[in-house]
Amino acid sequence: MKQPKSLTREQYLKQFSRAVRWRLPPREPEDAIADYRELVFQPERDESKLVEELGEPVQAAHLLTDVKSYRRWLKVFAVLAFGLFLLAKWDYMAWSNVRLSFAEQWWYPVWTMAVGLALSLYWFRRHGQKNGPLPKGLVLAIAVVLIAGCVVMYGIWDVTGAVMYEQVSEHTLRLRQQTRLVITAMMYVGTLSAVAALPGLVLAKCYDRRWLALYVLGVTVAAMIGFVTFYFKSIDLDYLTANMLQSYLFARLIPIGIVGLIGTGVALC
Amino acid sequence: MLKKDLLELCLLQLLDGGDKYGYEVLTPLRAAFPDTQESAIYALLRGLGKEKYTEWYMAPGGGGPDRKYYRITSAGQARLEEMRDQWRNMRDAIASFGVE
């Protein structure tokens, strides 16, 4: 028979807290954690028999789980996490093995963003819970993603506005270097924004629904970069003037960005 | 009656004897059903609260921090009576087979 592992009271409560915050609907975890704190820290309780008497922390959380609502949450999480995976992959590899005959490829990241924003905002506005003042870590994370996104967008603006002029000027080498730098920045900032969105999602479920703002902003930046990446790959520069390229891109990027910022604001409220 | 029902019956019976805090409820039940972990009994206790068969309040406990005390409600009393009947019927049915 498998021997139950030994945990200290603090370790037990920590593991139990994590598990119930992930599994239980809002408000319920705090109640269950308070009850378990009382049970675990009973003076009569023998710490070495904690797991034997109470059961494994995850198993204890499982017993309190409403399976139906937990499965619903897992489905929502799977859809949102898959969207993040696609965005990260598209931004990093600049390639998609999904091909839809009725739509241009550069719109795929925007659709992914639309689904992610609609589903996550709907879910967390209904099932999420605010918890105290705005976390400082969230403010910092949002600032980092926002600044990185703005820097990349400025780089795209700069490069797309200069292409035709620079092609015939003596600064071609400098432009190539600048373009390479912007493309590299797009690749990393896009991928990392999608990666940063995942903890936002997890923390929104476990601690405070306002962490969703990090998810929304991360998805927006990743989608905007994905849009530009796929567009760059599909255009023929010989048939475009600089202004056409810049105005086409930013006439679409600005509304996408505004929608993302509104979504971020809604998540923070 | 399943084991879960028997545990519920015992929980309500225990609270019918007076208000008790969590550990006070769980310990005798674990002693009576040693193959059942306290987390399972706690889950049943919580379920009884959701069904409004029990309610809780905070009160000072033994010189330490406040404790959560559980008490049976009138709905819980009715449920206990119903479960006692079921238990008696089952006990009689089993006894009719000669099981002591």
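The centres of domain 1 and domain 2 of chain A lie 39 Å apart, taken over C-alpha atoms. Domain 1 of chain A covers 9-63 and domain 2 covers 67-268. These bounds come from an automatic or database domain assignment. The two domains touch: domain 1 of chain A gives six residues to the contact and domain 2 of chain A gives eight. Here, two residues are in contact if their C-beta atoms, placed from the backbone, lie within 7 Å. The domain 1 side of this contact has three nonpolar, no polar and three charged residues. The classes are simple: Ala, Val, Leu, Ile, Met, Phe, Trp, Tyr, Cys and Pro count as nonpolar, Asp, Glu, Lys and Arg as charged, and the others, Gly among them, as polar.

A word on the model. It is predicted: local features need pLDDT of at least 70, side-chain atom pairs count only at pLDDT 80 or more, and totals for chains, interfaces and linings use all residues. Residues are numbered from 1 along each chain as its sequence is written, while chains are lettered from A and ligands numbered from 1 in the order in which they are written.

Now look at the helices of chain A. Helices (H or I, at least four residues) and strands (E, at least two) are DSSP runs, numbered from the N terminus. Start with helix 1 of chain A, residues 9-23. Its axis comes within 10 Å of the axis of helix 2 of chain A, and the two cross at roughly 160 degrees. Axes are lines fitted to C-alpha atoms, for helices over the stretch in contact, and angles run from 0 to 180 degrees between N-to-C directions. That angle makes helix 1 of chain A roughly antiparallel to helix 2 of chain A. A crossing is right-handed if the near helix is turned clockwise from the far one by less than a right angle, and left-handed if anticlockwise. Which residues meet? From helix 1 of chain A they include A:Tyr12, A:Phe16 and A:Val20, and from helix 2 of chain A they include A:Ile33, A:Tyr36 and A:Val40. By class, this contact divides into nine nonpolar, one polar and three charged residues.

Move on to helix 6 (residues 108-127) and helix 9 (residues 212-234) of chain A. They pack at an angle of about 170 degrees, with their axes 8 Å apart. Helix 6 and helix 9 of chain A are therefore roughly antiparallel to each other. Among the contact residues are A:Met113, A:Gly116 and A:Phe124 of helix 6, and A:Val219, A:Ala223 and A:Phe230 of helix 9. This contact has 14 nonpolar, five polar and no charged residues.

Next comes the meeting of the chains. Eleven residues from chain A and 13 residues from chain B make the contact. On the chain A side, helix 2 (28-40), helix 3 (50-54) and helix 4 (57-64) each supply at least two residues. Helix 4 of chain A gives the largest share, four residues. The chain A side has five nonpolar, three polar and three charged residues.

Turn to chain B. It holds four helices and three strands. From the N terminus on, its elements run α-β-α-α-β-β-α. Its C-alpha atoms fill a box of roughly 50 × 30 × 20 Å, taken along the principal axes.

In chain B, helix 1 (residues 3-16) packs with helix 3 (residues 38-50) at about 70 degrees, with their axes 10 Å apart. That makes helix 1 of chain B roughly perpendicular to helix 3 of chain B. Their crossing is right-handed. The contact includes B:Leu7 and B:Leu11 of helix 1 and B:Ile41 and B:Leu48 of helix 3. It has six nonpolar, no polar and two charged residues.

Last, the sheet. The three strands of chain B form an open sheet in the order 1-3-2, with antiparallel pairing. Strand 1 and strand 2 stand at the edges, each with a single partner strand, so one side of each is left without a neighbour in the sheet. Two strands pair if DSSP finds at least two bridges between them. Strand 1 (residues 20-21) pairs with strand 3 (residues 67-72) over two bridges, and B:Tyr21 stands opposite B:Tyr69. Six bridges join strand 2 (residues 54-59) to strand 3. There, B:Met58 stands opposite B:Lys68, and B:Trp56 has B:Tyr70 as its bridge partner.

Definitions and conventions: Angles under 35 degrees count as roughly parallel, over 145 as roughly antiparallel, 65 to 115 as roughly perpendicular and the rest as oblique.
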